[in-house]
Amino acid sequence: MSTVKIQPTACALSSTVRHIGFFNLRLPRDGVVSSKSFNQSRRYGTRRALAVSMSSASQSNPLEVCVKASITTPNKLGDCPFCQRVLLTLEEKHLPYDLKLVDLANKPEWFLKINPAGKVPALKLDEKWIPDSDVISQALEEKYPVPPLGTPPEKASVGSKIFSTFIGFLKSKNPSDGTEQALLNELRSLNNYLKENGPFINGKEVSAVDLSLGPKLHHLEIALGHYKNWSVPESLPHVKSYMKAIFSRDSFIKTRAQPEDVIAGWRPKVVG
């Protein structure tokens, strides 16, 4: 067994990387009321801030979560934006978890046994394995409601067409087929929304819809930059500020895919 010690973050966390047959990243929490919790008390009140820390402490056993492994670097997280969404939810809710990296090109028997569909992400909650990032995120919100990440239904679809239009443009080999304009239209719609309602989709605080959209925008930025030398135009400043705000969060930095994995992951879509 090899062990790598990782320095604690500002939230008074300790982390351990273990490799026992498959890669397992443990992120235990000690429930200490940190400087982050203290700052939250100004926003939510002392009682809620304490509830955040106590919520972390009550989840003493790490949640098991299966995600895509890197295809470029051993023992690294892969490029699945849906997996990152789940990890962001766990991070933002300050929940400890054991990260199991799955080689999707050679799925191990233990993984297919617990998840016959063979898809990631999958999370074990109350002794049951749950697939699908939508279902997982909702289940975590219901079981661990503090801090709240729910998005009002009327805001949940904001930016929902960006990912599909990004893929269309990425795959396109015809500059005049309208796929670039379709993406620009969706980004412009998001820009106008954020201008009136930002900085995040639900206002001042990050919510579930941001945790879903953020990883997709990260893929957009890297893949289009690499394959088409394209970036979000300066004429959409609110989108650019939104991306910067999401990408700079500690939770995002901790769970983001390596650029080389994002590039490699989208290559089959580009080359056919």
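User: Before we start, how do you know which features to trust and how to count residues?

Analyst: In this predicted model, local features need pLDDT of at least 70 and side-chain atom pairs count only at pLDDT 80 or more, while totals for chains, interfaces and linings use all residues. Residues are numbered from 1 along each chain as its sequence is written, and side-chain values use heavy atoms, with hydrogens and water left out.

User: What makes residues 81–92 helix H3?

Analyst: Helices are DSSP runs of H or I with at least four residues, strands are runs of E with at least two, and both are numbered from the N terminus. H3 has 12 residues. The expected span is 1.5 Å times one less than the number of residues, and H3 reaches 16 Å from its first C-alpha to its last, close to the 16 Å expected.

User: Why is H3 called largely enclosed?

Analyst: Buried means under 20% relative accessible area, exposed means over 50%, and partly exposed is in between, using a 1.4 Å probe and protein chains only. In H3, 11 of the 12 residues are buried, so the helix is largely enclosed by the rest of the structure. Among them are Cys83, Val86, Leu87 and Leu90.

User: Is Phe82 buried or partly exposed?

Analyst: Phe82 has a relative accessible area of 33%. That value lies between the 20% and 50% cut-offs, so Phe82 is partly exposed.

User: What makes Phe82 and Phe163 an aromatic pair, and of which kind?

Analyst: Rings of Phe, Tyr and Trp (its six-membered ring) pair if their centres lie within 6.5 Å; planes under 30 degrees apart count as stacked, over 60 as edge-to-face and the rest as tilted. The whole structure has 8 aromatic pairs. For Phe82 and Phe163, the centres are 6.1 Å apart and the planes 85° apart, making the pair edge-to-face. Phe82 lies in H3 and Phe163 in helix H6 (residues 162–171), so the pair ties together parts that are 81 residues apart in sequence.

User: What about Phe163 and Trp266: why is that pair edge-to-face?

Analyst: The ring centres of Phe163 and Trp266 are 6.0 Å apart and the planes are at 70°, so this pair is edge-to-face. Phe163 is in H6 and Trp266 in helix H11 (residues 259–271), 103 residues apart. Phe163 is buried at 14%, and Trp266 is buried at 8%. Phe82, Phe163, Phe166 and Trp266 form one aromatic cluster.

User: How do you know that H3 and H8 are oblique?

Analyst: Axes are lines fitted to C-alpha atoms, for helices over the stretch in contact, and angles run from 0 to 180 degrees between N-to-C directions. H3 and helix H8 (residues 208–228) pack at about 135°, with their axes 8 Å apart. Angles under 35 degrees count as roughly parallel, over 145 as roughly antiparallel, 65 to 115 as roughly perpendicular and the rest as oblique. H3 and H8 are therefore oblique to each other.

User: What makes the charged end of Lys228 sit over a ring?

Analyst: A charge sits over a ring if NZ of Lys or CZ of Arg is within 6 Å of the ring centre and within 35 degrees of the ring normal. The charged end of Lys228 is 5.0 Å from the centre of the Phe169 ring and sits over that ring.
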